[in-house]
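Student: I'd like to learn how to read a protein structure, one feature at a time. Can we go through one together?

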Amino acid sequence: MLPTTLTPPMQMNAPRLLQLHNAGTYAGNNADTDTDPDPDPDAALAAEAAAGLLAKPAFASPKFFYDTLGSRLFEAITALEEYYPTRTENAIFASHGAAIARAALARTGAAPVLVDLGAGSCAKASRLFGTVRPRRYVAVDIAVEFVTQALQHLQRENPELDLVGVGQDFSERLQLPAGVVDGPALVFYPGSSIGNFAPDDALRLLREARELAAGGALLVGVDLIKPRALLEAAYDDALGVTAAFNLNVLRHLNRLLGADFAPRDWRHVALFNAEASRVEMHLEAKSDLQVRWTGGERSFSAGERIHTESSHKWTPASFSALLRDAGCHDIQHWQDERGWFGVFLAAA
Ligand code: AVI
């Protein structure tokens, strides 16, 4: 896949979009960029999805939540009364944003490169522009079109700011094109998305983020352990929005694999697995059934499940230990009054 250089009219600067599956070389404004093209990303995704369906127990990667409808359903989840993480993280930044920015700059030095992992609409990171004053903003997201639109909008609002978009699935490996980060960086990973990684994978990602930040800092939003009832309600809301978000994976798999899942035959299950310190989401077959897709099939017995997501919950002590294992130091965190969510800052 070739990189795309965007040049919207009537602007001094245009955001650069580097569409990568593997890291290439960043060669400056409006330059062509080498990439290591993935021959057929859809075929690779389909193979990954089919392997998960054939596994025992079956699983589907959480990345299959986020097609267009799934992304909208996730936006809706963040507005639900039961889903506290987004609201609580926003409140922490509203109360402590200036202190967080000061502490971040004490670790990175003035005008760091701000790298936003899973940037989406870029809304959370752009709230840091006024206090962190980055010299470049790098938005990394698998959803290339979405992030492109967000960057074009941001460039109109911030015509002088150097903006770069990188289309990358960093769940496998975080490695940006050489030259994008050319000095101390503040790597920002909000929203408790780090919780969607198993602890070993979270450690791997934090190590890669620390290497990227080199002499800078990491700023990570983390959901904290709390009573089971609160956790389970957050992932099984009364309106059924999270159930729709989970069931939508089946529609996505139908499209991707040519499968014949009937969402009505499945039920949404969310439970807190205290031993593993994670909320799990599953899709459970309501009856014995057979699913077929191009090149494969599988029968599911009533009650059999497809594991679709794990959302790990941490304590301030356990997440600080993870950051230290990743090679970080000078760790500080801010949390809300109830201790439901933490924003962690660590020198890289
Ligand atoms: C994106 N991620 C942090 C969300 C979470 O809470 O684990 C995804 C989500 N799944 C169900 N509701 C929200």
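Student: Let's start with a proline. Where is P57 found?

Tutor: First, keep in mind that this is a predicted model. P57 is found in the loop that runs between helix 1 (41–54) and strand 3 (58–59).

Student: Okay, and backbone angles? What is phi of A111 near?

Tutor: Phi of A111 is near 55°, a positive value in a residue other than glycine. You'll find A111 in a loop as well, the one between helix 3 (84–108) and strand 4 (113–117).

Student: Now helices. How are two packed helices described?

Tutor: By two things: the angle between their axes and the distance between the axes.

Student: Which residues of helix 2 and helix 9 meet?

Tutor: From helix 2 come L69, G70, L73, F74, A76 and I77, and they meet V241, T242, A244, F245, N248 and H252 in helix 9. Sort the residues of this contact and you get eight nonpolar, four polar and no charged.

Student: At what angle do helix 7 and helix 10 pack?

Tutor: Helix 7 (residues 199–213) and helix 10 (residues 316–325) pack at about 55°, with their axes 9 Å apart. That makes helix 7 oblique to helix 10. The crossing of helix 7 past helix 10 is right-handed. In the contact, A202, L203 and L206 of helix 7 meet L322, L323 and D325 of helix 10. Those residues divide into five nonpolar, no polar and one charged.

Student: Last one: the ligand. Which residues surround it?

Tutor: The ligand is surrounded by I77, P85, G191, S192, S193, G195, N196, Y235, T242, E309 and S311. This shell divides into three nonpolar, seven polar and one charged.

Student: Why does the ligand lie between domain 1 and domain 2?

Tutor: Because both domain 1 (44–68 + 239–312) and domain 2 (69–226 + 314–347) give residues to the shell around the ligand.

Methods
Residues numbered from 1 in each chain as written. Predicted model: local features only at pLDDT ≥ 70, side-chain atom pairs only at ≥ 80, totals over all residues. Axes fitted to C-alpha atoms, helices over the stretch in contact; angles between N-to-C directions. Helix = DSSP H or I, 4+ residues; strand = E, 2+ residues; numbered from the N terminus. Parallel < 35°, antiparallel > 145°, perpendicular 65-115°, else oblique. Left-handed = near helix turned anticlockwise from the far one by under 90°. Contact = placed C-beta atoms within 7 Å. Nonpolar A, V, L, I, M, F, W, Y, C, P; charged D, E, K, R; others polar. Near = placed C-beta within 6 Å. Domains from an automatic or database assignment.
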